[in-house]
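Please examine the sequence and the three-dimensional structure shown below. A report on selected features then follows.

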Amino acid sequence: MGSLMEIWKDVVGYKGLYMISSHGRVRSIPHIVECKPRGLTGHVRVSPGKILAMEKTRDGHLRVTLSKRGVHKRIFVHLLVLEAFIGTCSSGMECCHFPDRNPANNHSENLRWGTRKDNAQDRIAHGTNSDGENNGRSKLTREIV
């Protein structure tokens, strides 16, 4: 799934520091860093841009750590893709992974803003809803009933 052409856009709130692709990859932009090695001042180096490593959460979503002015923030990749390619989230909306059920598929065409009800309907369609014996607290299976 996914378009062949990978498009890069600035990460919202991190312009000039990071970019996000339509395939869900995050990269830092080459920039100059002021260093203070062993008491020297005014020393600078160029930090090359690179594709950032991602962390997978227990539920399969991908996160990345972004830094600005010394403040580090862990952000879900799907949110970065949605903000850059679809727009900001309206009140009452949340991220929906559709049409597939893979939470690590952060291609822009696999994501959309939707309501909580939309997400619930997607879970039913994907077979990932936690009702009946799929619920971790259930004591009986369909076969036993």
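The report below treats the overall fold, the salt bridges, a surface patch and a pocket.

**Overall fold**

The model discussed here is predicted. Its secondary structure comes to two helices and 10 strands. Read from the N terminus on, the elements run β-β-β-β-β-β-β-β-α-β-β-α. Of the 145 residues in the protein, 31% are buried.

**Salt bridges**

How many salt bridges does the structure hold? There are five salt bridges in the structure.

| Pair | Distance, N to O |
|---|---|
| Arg25 and Glu6 | 2.9 Å |
| Glu94 and Arg116 | 3.6 Å |
| Arg112 and Asp118 | 3.9 Å |

The side chains of Arg25 and Glu6 meet in a salt bridge. This pair links distant parts of the chain, 19 residues apart. Arg25 belongs to the loop between strand 2 (18-21) and strand 3 (26-28), whereas Glu6 belongs to the segment before strand 1 (8-10). Arg25 has a relative accessible area of 35%, and Glu6 has one of 22%. A residue is called buried under 20% and exposed over 50%, with partly exposed in between. Arg25 is therefore partly exposed, and Glu6 is likewise partly exposed.

The side chains of Glu94 and Arg116 also meet in a salt bridge. Glu94 lies in strand 9 (residues 94-97) and Arg116 in helix 2 (residues 116-126), so this pair ties together parts that are 22 residues apart in sequence. Which of the words buried, partly exposed or exposed applies to Glu94, and which to Arg116? Glu94 has 22% relative accessibility and counts as partly exposed. Arg116, at 63% relative accessibility, counts as exposed because that value is over 50%.

Arg112 forms a salt bridge with Asp118. Arg112 is partly exposed, with a relative accessible area of 28%. Asp118 is partly exposed as well, with a relative accessible area of 25%.

Salt bridges also join Glu55, Arg63 and Arg74 in a network.

**A nonpolar patch on the surface**

Which residues form a nonpolar patch on the surface? The patch is formed by Ile32, Val44 and Val46, which together have about 300 Å² of accessible area. Ile32 lies in strand 4 (residues 31-35). The relative accessible area of Ile32 is 63%. Ile32 is exposed because this value is over 50%.

**The second largest pocket**

What lines the second largest pocket? Its lining consists of Leu17, Tyr18, Ser28, His31, Ser47, Pro48, Lys50, Leu52 and Ser67.

One of the lining residues is Leu52. Leu52 lies in the loop between strand 5 (43-47) and strand 6 (55-56). Is Leu52 buried or exposed? Leu52 counts as buried because its relative accessibility of 14% is under 20%. Leu52 and Thr65 are 13 residues apart in sequence, and their C-alpha atoms are 8.4 Å apart in space.

How values were computed
Residues numbered from 1 in each chain as written. Predicted model: local features only at pLDDT ≥ 70, side-chain atom pairs only at ≥ 80, totals over all residues. Heavy atoms only, no water. Salt bridge = Lys/Arg side-chain N within 4 Å of Asp/Glu carboxyl O. Helix = DSSP H or I, 4+ residues; strand = E, 2+ residues; numbered from the N terminus. Buried < 20%, exposed > 50% of the residue type's maximum accessible area, 1.4 Å probe, protein only. Patch = residues over 30% accessible without salt bridge, like charges linked within 9 Å, V, L, I, M, F, W, Y side chains within 5 Å. Areas by Shrake-Rupley, 256 points an atom, 1.4 Å probe, with all protein chains shown as cover. 1 Å grid on protein atoms, 1.4 Å probe; cavity = no way out; pocket = protein on both sides within 12 Å on 5 of 7 lines; lining within 4 Å.
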